[in-house]
Amino acid sequence: MIERLLSPDSSFQRRFFFIARRFVAGERIADAVEAVRRLNETGMSASLDFLGEDVTDRQTATKTTETYLAMLDAIASSGIRSNISVKLTAIGLLIGDDFALGNLERILQRAHINPDPFVRIDMEGSAVTQRTLAIFERAFGEYENVGIVLQAMLRRTPADVERAVALGARVRLCKGAYKEPPSIALASTDDIRAQYLRLAEPLLDRGVYPGIATHDRRLIAGVKEIVRAHGISRDRFEFQMLYGSRPELQRRIVAENYNLRIYVPFGTHWAGYFYRRIAERRENALFALSSIFSR
Ligand SMILES: Cc1cc2nc3c(=O)[nH]c(=O)nc-3n(C[C@H](O)[C@H](O)[C@H](O)COP(=O)(O)OP(=O)(O)OC[C@H]3O[C@@H](n4cnc5c(N)ncnc54)[C@H](O)[C@@H]3O)c2cc1C
């Protein structure tokens, strides 16, 4: 049963897409463009993500890269306000570093067709943290339109933040969505929150247009306080939230005149992403259950 659910091409999983619909914009590029258009109308920008990860065959990684190129064309021709986010394991990291870098470079070159040419490399589990950062730095040496994600829960991240600030690289700061052992990651919510705010300060104060990715009211309040204390203007950073997560908070942030970017995933490989959302918040699991029973 689990195997059937996890197989993205199965009609079985397709039948269950209605449960994921709140967090996933649709299965096709056109669905994602429409979702972004609606967000743009409410004052939010977006970052489009074509769902998929842990790809182990070249053909799929190449196809995913080509989907990204088509997404960039669609963003440019539709005029929506969106950049893109990409996972390196979706474009071949598990096949080889040079192969993934080559695919990333194709995306970075095509991204110049977009008024916002920026490409964010998502951060995945700790098995690929170092390789992801190394490929990011190789790409950043050649292309300025690429940025990275750092996870506040990892013990290594204070050093990674300093390195990114020194490089002048754009960072999205998030808590971290992957289950990690205590030897490399903080475990308690309070410790992760405290580290998040400690890391947000140098990024906001000395970094380049950081993305503050969280739905946590306490972190958002803490970041507003840092910004006030340092006299940082609102055009020097953006809040970022996930499609479908806490929409009332999203509207409030926009009403307060902060920049807000919504991460908009789409595609048929929604299972891994969807299960991470369910696992991290009881509210999300309850929502999924209620959508089953309200049918
Ligand atoms: C734009 C974006 C991009 C991301 N990219 C990555 C990435 O590349 N790599 C990665 O590992 N992770 C990524 N993440 C995920 C991130 O690491 C966290 O797993 C995820 O955001 C959950 O943490 P949180 O800080 O948003 O708040 P949570 O820990 O989910 O919630 C914190 C607090 O917020 C309140 N709250 C939250 N939801 C609700 C609700 N529905 N109703 C009422 N109160 C609520 C509660 O008080 C809760 O205690 C990304 C997240 C975002 C927003």
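The radius of gyration is taken over C-alpha atoms, and the globule rule is 2.2 Å times the number of residues to the power 0.38. For 295 residues a compact globule would have a radius near 19 Å, and the chain, with 18 Å, agrees with this. The model is predicted, so that local features need pLDDT of at least 70 and side-chain atom pairs count only at pLDDT 80 or more, while totals for chains, interfaces and linings use all residues. Residues are numbered from 1 along each chain as its sequence is written.

Along its principal axes the C-alpha trace spans about 55 × 45 × 45 Å. Of the 295 residues, 40% count as buried, a term that requires 20 or more other C-beta atoms, placed from the backbone, within 10 Å of the residue's own.

The secondary structure comes to 13 helices and eight strands, which are DSSP runs numbered from the N terminus (helices H or I, at least four residues; strands E, at least two). Eight strands, in the order β1-β2-β3-β4-β5-β6-β7-β8, form a closed barrel with parallel pairing, where two strands pair if DSSP finds at least two bridges between them. Neighbouring strands of this sheet are turned by 30° against each other on average, direction ignored, the axes being lines fitted to C-alpha atoms (for helices over the stretch in contact) and angles between N-to-C directions running from 0 to 180 degrees.

Strands β2 and β3 are joined by three bridges, and V86 has I121 as its bridge partner in β3. Two bridges connect β3 to β4, with V119 opposite V146 in β4. Six of the six residues of β4 are buried; V146, I148 and L150 point one way from this strand, and G147, V149 and Q151 the other way.

| Helix | Residues | Lies across | Angle |
|---|---|---|---|
| α4 | 29–41 | β1, β2 and β8 | about 160° to β8 |
| α9 | 189–206 | β5 and β6 | about 165° to β5 |

Which residues come nearest to the ligand? Of the 22 residues around the ligand, these are D122, C174, A177, T214 and Q240, a residue being near if its C-beta atom, placed from the backbone, lies within 6 Å. The elements giving two or more residues to this shell are β4 and β7, and β7 gives the most, with three residues.

How values were computed: Two residues are in contact if their C-beta atoms, placed from the backbone, lie within 7 Å. A residue is buried if 20 or more other C-beta atoms lie within 10 Å of its own, exposed if 12 or fewer, and partly exposed in between; C-beta atoms are placed from the backbone.
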